[in-house]
Amino acid sequence: APAAPAAPAAPAAAVDADSWESSWDGATATPLLDATALPHKFIIARAGDRGQPPALFAAAATVALAALRRDHRDNGDPALMSWRYVAAEFPSERYLHLNVKGQGVFCRSRGRPHQNQNLVVTVDPVNGRCWQRCYDGADCARDVPTTSGGVCRLANRHELAAPADDLKVDRFALLAFEKGR
């Protein structure tokens, strides 16, 4: 589907803690997933490293990367460079971000490979969904109006087809992982 026309760009500015929710309300229900440069007040866990994610996320990462390869048959074999896990208390969101690189990595937003050959596959390990996402603010994001009259910059995303149960992580193991962060 063609990308929605972008709203006029808003100047980048620090978000006042009291107006945090109004900075994304009406633009997205999932600011941790969608917002490209929004300070998040309710982060409860962060972790990340180069290479493969911990064993807890290994199966979900394998399934998500296989979905990326199926979705883009001409993508070659994108390599996992690093991973990052982020969880927020409000709204309740938990995501595993897989940073991949490879020759000819196809960008759904641009309709062609990225010049830098990088993209992100994001896994929702609670609800069993995954997306291809890009962080190129110039070409792979859009400005969306908020209910307060502002503008929130959201990353474009393309959902990848993968069996939901194969992307889910045991909830108790996930909470234990978060407690260690």
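Guide: Let us begin with a term: a residue is called buried when its relative accessible area is under 20%, exposed when over 50%, and partly exposed in between. Please note that this is a predicted model.

Visitor: How many salt bridges does the count come to?
Guide: The count comes to 5 salt bridges.

Visitor: Which side chain meets that of R157 in a salt bridge?
Guide: The partner is D34, and the N to O distance is 2.7 Å.

Visitor: Is D34 buried or exposed?
Guide: D34 counts as buried, because its relative accessibility is 3%, and the limit for that class is under 20%. R157, in contrast, is partly exposed, with a relative accessible area of 36%.

Visitor: What about R129, which side chain does it meet?
Guide: R129 forms a salt bridge with E159, at 2.8 Å from N to O. This pair links distant parts of the chain, since R129 lies in strand β7 (residues 129–133) and E159 in strand β10, 30 residues apart. R129 is partly exposed at 35% relative accessibility, and E159 is partly exposed at 37%.

Visitor: Moving on, where are R153 and D143?
Guide: R153 is in strand β9 (residues 151–155) and D143 is in strand β8 (residues 141–145), 10 residues apart. Their side chains meet in a salt bridge of 3.0 Å, N to O.

Visitor: Which relative accessible area does D143 have?
Guide: The value for D143 is 8%, and the residue is buried. R153 is partly exposed, at 27%.

Technical notes: Residues numbered from 1 in each chain as written. Predicted model: local features only at pLDDT ≥ 70, side-chain atom pairs only at ≥ 80, totals over all residues. Heavy atoms only, no water. Salt bridge = Lys/Arg side-chain N within 4 Å of Asp/Glu carboxyl O. Buried < 20%, exposed > 50% of the residue type's maximum accessible area, 1.4 Å probe, protein only. Helix = DSSP H or I, 4+ residues; strand = E, 2+ residues; numbered from the N terminus.
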